[in-house]
Amino acid sequence: MLAGRQKISLKQALLIYITLFFSPSIRFMPSYTAVIAKQCGYLSPIVPFIILLPVIILLNKVFMKHKDKSLIDIYYHSLGKTAGKALLFLYVLWMLLITALYTRYYSERLVTTVFTQTKIDIFILVMMVTIAYVLKSGFVVIARMNEIIFPLISVIFWSLAIFMLPNFKINNITPISYLDIIPVIKAGFGISFLWAYIIYILFLSDIINDKENLMRQGMYTLTYLTILSSILVAFVIGIIGYSITAKIPLPFMDAVKIVSFFDIVAKIESVVVIIWILADFILISTFSYIILHLLKSIFNLEDERHFINIFLIILYFLAMLITSSKIELEAFSYTIGIAGNFLLNIIIPYIVLAIALFKK
Amino acid sequence: MIAWIIIIILISSWELYNMRKKDLKKEKVILIFLTLLSLFMVFIKSKYPYDISIARFALDLFGLPH
């Protein structure tokens, strides 16, 4: 039984972390790894595992040392109140930008795959209204919704993986040689920010119970994500080949379109759209909640729920103003997006957590 | 544009009314700032519907190709 009704368990938080991972990884990972690591792209998820493992160990040690502190308090403790608040404000701005980016991707994807005749702002508006309604009820509701959404997404994903098996060509993911080591590491660095979203989730650590199990449960989650993403990339490259994967915008969708399971199951790409929308809903609502939670801490506010509606209106306009074409959107996320995420989600947490560990 | 301005003012007024009941002073200031920001965004989006791109601005700023 959880101590407080407004708190979630570590398991619920980590399940949200896995769900957050789905949408950007399906969109971004196969094509990015295929461009850099070519036929060995499926090996690159091992690199983020190695990069993030010390972060989990550090987080666990810091939480054991500062048992009563949240991650936000640890940032204040490490850097001092003023510098800590300035850094967290930078996180707010960055998260606002990437949430707008993900919102735009969500609607772009729907417009380019299923609803080609529909205006893009309709989907953003529908998503914003749904999120406004859910956020009013607090994060516990999102966590409980995710307990239903996560198994659904997982079942669909693993079923698709099974259906893809007959079309899988081993020649597409071989040969592997020592010459592939550097490209695999390069691609691994590029995708590692997706694993580092655990930092964002742990900004809510004051509403997360049983953080003492972070080491064990965090390791399981990291391992699961590594296996999942390796299989995702392996299947996409294994079915359509690395050269096509690198060139097309939604390679996972095209790989699924090829799926025909003994001529019984066909045209199942619409199922992918369902898991994408569900994962996007969890991603955008969670990031929105974290932004409001950070603002509450930075400005010492009593109640952040009054800002939900106006914040989502700002997010709507940001998503509309973030780009005027999909090419720019992709250029932005492949360059500045990766660099900014790597800096804020991996390098800075390493420094802050190391300071917190040694500071009295 | 007019519809958005009306929606934003209605939402902000409602939230300000709720905040007044709870006597939340800092929250009021931040809400007013966010309201002005959203109104500014409405204006920008209406005036330049296809010209503004934050991504393009950032890419140009860092001299990256797009």
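Predicted model: local features only at pLDDT ≥ 70, side-chain atom pairs only at ≥ 80, totals over all residues.
Residues are numbered from 1 along each chain as its sequence is written, and chains are lettered from A and ligands numbered from 1 in the order in which they are written.

Among the buried residues of α6(A) are Phe139(A), Ile142(A), Asn146(A), Ile149(A) and Phe163(A), where buried means that 20 or more other C-beta atoms lie within 10 Å of the residue's own, exposed means 12 or fewer, and partly exposed lies in between. Helices are DSSP runs of H or I with at least four residues, and strands are runs of E with at least two, numbered from the N terminus. Helix α6 of chain A has 26 residues, 139–164, and should span 38 Å at 1.5 Å a residue, which agrees with the 36 Å between its end C-alpha atoms; the expected span is 1.5 Å times one less than the number of residues. The helix α6(A) bends by about 30 degrees at Glu147(A), and Pro151(A) follows within four residues, the bend being the angle between axes fitted to the seven residues ending at a residue and the seven starting there.

The peptide bond from Thr174(A) to Pro175(A) is cis, with omega near 5 degrees, and Pro175(A) sits in the loop between α6 and α7 of chain A. Helix α7 of chain A, residues 181–195, reaches 20 Å between its first and last C-alpha atoms, close to the 21 Å expected for its 15 residues. A kink of about 35 degrees is centred on Phe189(A) in α7(A), and the buried residues of α7(A) pack against α1, α2 (46–65), α9 and α14 (326–358) of chain A.

Leaving aside neighbours within four places in sequence, Ile282(A) is in contact with Ile16(A), Thr19(A), Leu20(A), Ile142(A), Asn146(A) and Ile149(A).

## Where chain B meets chain A

In chain B, 30 residues are in contact with 24 residues of chain A. The helices α1 (2–22), α2 (25–47) and α3 (54–61) of chain B each supply at least two residues of the side that touches chain A, and the largest share of that side, 12 residues, comes from α2(B).

For residues 29–48 of chain B, an unreviewed UniProt entry lists "transmembrane region", in the numbering used here, with a shortened feature name and an annotation that may be inferred rather than shown by experiment. Over residues 29–48 of chain B the chain is 95% helix and 0% strand.

Methods
Contact = placed C-beta atoms within 7 Å.
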